[in-house]
Amino acid sequence: MIRCENLSAGYGEGAVIHDISWEAAEGRLTAIVGPNGSGKSTLLKSVIGQTSVERGGVYLEGKPLKQWRHKEMAKQIAYLPQSRNDASLSVFRMVLHGRFPYLAFPRRYTQKDEETVIRELKRMGISELREKPVSELSGGEKQRAYLAMALVQGAPVLLLDEPTTYLDLSAQMELMELLRQLVAEGKTVVAVLHDLNHALQYADEMVLLENGGLKQCGTSKEILQSGVLEDVFRVRIHILQDQYGKEYYGFSSEKRMRNETGPAASGHPKRLQIRS
Amino acid sequence: MSRKYAAKGIFLLLLVNLLLCIFYVSAGAVNISPADMFHAFLGDGKAEYQNILVHVRLPRMAACVLTGSGLAVSGAVIQNVLQNPLAGPNIIGVNAGAGLAVVLCSALFPYCYAVVPFAAFAGAFGAMLFIYALARKTGASRMTLIMAGVCVNSLLNAMADAVHILWDDTLTSAYGFRLGGFSSVNGKVLLPAGILILLVTAAVFLLEKELEVLTLGETVASSVGLHTTFFQFLFLLLAAALAGASVSIAGLLGFVGLLAPHISRRIVGEECRFMLPFCALFGAFLVLLCDLLARTVWAPYEMPTGILLSFLGAPFFLHLLLGRSRRRRKKHD
């Protein structure tokens, strides 16, 4: 599906990500994680051809990205960027533009397009905001509107750059549940996640970046157990387990742990029980 | 505004424009009643009225409508593509680029009228490309872009002044051209420029969805499958053609490209399929009204239309600037 081969890319003044080879797992939720400035967003932008590639390449369905026509690519990949313009269009009209790649003669959106928009607005819980200008929405509402637009595109691959930004805690969890639901519907979701907790709890696969390079990729469990997350983020990870066996993750700073308990034993995360 | 109201708004403005056109043609230093006008059109009216209508007022009315809608649509396109509500063809130097080309044309090829609109288009496009390249290269903020535009404007106007001084034959028309107006509409320029404005406006209307998607920003637009670089370039080309053709008819008319899109957005909203036709009609209305006042209030003398438009446009521009800085201050608080 999406494959990066020895990819080095940036924004025209030297590469930000270096020599990355990675293939998105089909029908899975992949989290791209890493400390600030590690190149997470750049990797995602490279996958849709919005960076200048210095070496290597990106392939979609085995075909180099540059050989894809813009509209055909938009039918395959929907992208939710981290920062956007404050459009003054109504929510409905903006989300409707998610159907732009399907626009054919006589260049009018069809009844089916409008029905798709209504369905996705409902799924995102913002049906009542349909006539409101996007610029007047709160950060969270805007995020939902843009996500609805990405979903309306009907692409099998969804790339999301920090989708939980601007959302409150419960909305963040709802969104992560929604991503799981989309994966269950057969979509491939790749999301840059800032919150390691979300990544560990919801993602099937993980791509760990450090200083623009690929540190490790694999299933979330493999990466957690390898201890590499603790090294890269400089934290101790504690697995908390409730009486039903469900796991949660807690973090503490490595420095604080050292001060309180002496040199931390490196390696596997510590497993704790939740007292109920 | 809902679709139904927006469509009604467009229809209403069309009616108002039709009435204004009738009034525009009948009023002037010689008043012609609608009945006399009707007879003159049928060919059984006074020859004097017929001459006034056919050779003076109708071409002038057509020039007002075409220039007004051309500059208004050009402004709307520039604002959408640069995503800068303060950008207008007269503010970022596009009109001045067209003006320099027109002045150069009249100095070097004084009798090649048909070339004038195309030369004006080339001048406008050159200025537009410079501003656009500057915005892309430096990632300049909206305000920096406007200030750069003001600089380009001054430079191009100074170059046009230099041409006037060096070729003193062009000096007689320089003053009127700089102020902008319709007192000396040239039929040989009006015809090609008018056709260009009509064709380009139709092309912009056809591409309204692409223009609207561009307002979502480059990243979102390209993620829904728009070839942003191509369409940005194409729209700037079309906007330059509209501004250039308009300048070649009426000189450096200011502020239509700023006023009309803003007022249109406030009345019918941002959707391009409603905003663009309303904007074209509003631009025509604004210029028709100002020109009507310019030639009737002080009759038999005439005030250049550009002066009246500047009286309206300059305070409006200040209002936009102050509104923006007020909003920014509020945000920081």
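Contact here means heavy atoms within 4.5 Å. In this predicted model, chain A is divided into domain 1 (2-233) and domain 2 (234-276). By that criterion, 12 residues of domain 1 of chain A are in contact with 14 residues of domain 2 of chain A. The C-alpha centres of these two domains lie 30 Å apart, and the domains bury about 1100 Å² between them, with carbon and sulfur atoms accounting for 54% of that area. On the side of domain 1, A:Q201, A:L224 and A:E230 supply 49% of the area buried against domain 2, more than any other three residues.

Polar interactions also join the two domains of chain A. Six residue pairs in polar contact, both at pLDDT 80 or more, are counted between domain 1 and domain 2, together with one salt bridge. A:E230 forms a salt bridge with A:R236, in which the closest N and O atoms are 3.4 Å apart. Helices α7 (196-202), α8 (220-226) and α9 (228-233) of chain A each supply at least two residues of the side of domain 1 that touches domain 2. Of the elements on this side, α9(A) gives the most, with five residues.

The loop between α7 and β9 (205-210) of chain A holds A:D204. The relative accessibility of A:D204 is 17%, and this residue therefore counts as buried, the limit being under 20%. Leaving out residues up to four places away in sequence, A:D204 touches A:R28, A:L29, A:R180, A:V183, A:T219 and A:S220.

In soluble globular proteins, nonpolar side chains tend to be buried together. The largest nonpolar core of the model has 175 residues, and A:L229 and B:F235 are those with the most contacts inside it. Helix α13 (residues 272-296) of chain B gives the most to this core, contributing 16 residues. Domain 1 (2-233) and domain 2 (234-276) of chain A both give residues to this core, so the core lies between them. Apart from this core lies another, of 27 residues, including A:I2, A:L43, A:I48 and A:L209. The surroundings of A:L229 can be described in detail: beyond its neighbours within four places in sequence, A:L229 is in contact with A:V33, A:L196, A:L200, A:M206, A:L208, A:I223, A:L224, A:R234 and A:I237.

The contact takes 28 residues from chain A and 23 residues from chain B. The area buried between chain B and chain A is about 2100 Å², and carbon and sulfur atoms give 57% of it. Within chain B, the residues that lose the most area to chain A are B:K209, B:L216 and B:V224, which together make up 29% of what that side buries. Eight residue pairs in polar contact, both at pLDDT 80 or more, are counted between chain B and chain A. The elements giving two or more residues to the side of chain B that touches chain A are α9 (208-214) and α10 (218-223) of chain B. The largest share of that side, five residues, comes from α9(B).

Over all chains, the whole structure contains 21 salt bridges, and four salt bridges are found across the interface of chain B and chain A. A:R93 takes part in several of the pairs described here. B:E271 forms a salt bridge with A:R93, with the closest N and O atoms 3.7 Å apart. The side chains of B:E208 and A:R93 meet in a salt bridge as well (4.0 Å, N to O). This pair crosses between chains, from B:E208 in helix α9 of chain B to A:R93 in helix α3 (residues 91-96) of chain A. A further salt bridge joins A:R93 and B:E212 (2.7 Å, N to O), again running from helix α3 of chain A to helix α9 of chain B.

The residues of these pairs include several that are buried. A:R93 has a relative accessible area of 4% and is buried, and B:E212 is buried with a relative accessible area of 0%. B:E208, with a relative accessible area of 10%, is buried. Within chain B, the side chains of B:E208 and B:K209 meet in a salt bridge (3.2 Å, N to O), and B:K209 counts as buried at 6% relative accessibility. A network of salt bridges links A:R93, B:E208, B:K209, B:E212, B:E271 and B:R273.

Key
Residues are numbered from 1 along each chain as its sequence is written. Chains are lettered from A and ligands numbered from 1 in the order in which they are written. This is a predicted model: local features need pLDDT of at least 70, side-chain atom pairs count only at pLDDT 80 or more; totals for chains, interfaces and linings use all residues. Side-chain values use heavy atoms; hydrogens and water are left out. A nonpolar core is a set of buried Ala, Val, Leu, Ile, Met, Phe, Trp, Tyr and Cys residues joined through side-chain atoms within 4.5 Å. Buried means under 20% relative accessible area, exposed over 50%, partly exposed in between (1.4 Å probe, protein chains only). Helices (H or I, at least four residues) and strands (E, at least two) are DSSP runs, numbered from the N terminus. Domain bounds come from an automatic or database domain assignment. Buried area is the accessible area (1.4 Å probe) that two parts lose on being put together, summed over both. A polar contact is a pair of N or O atoms within 3.5 Å; within protein, one must be able to donate a hydrogen and the other to accept it, and residues adjacent in sequence count only if both atoms are side-chain atoms.
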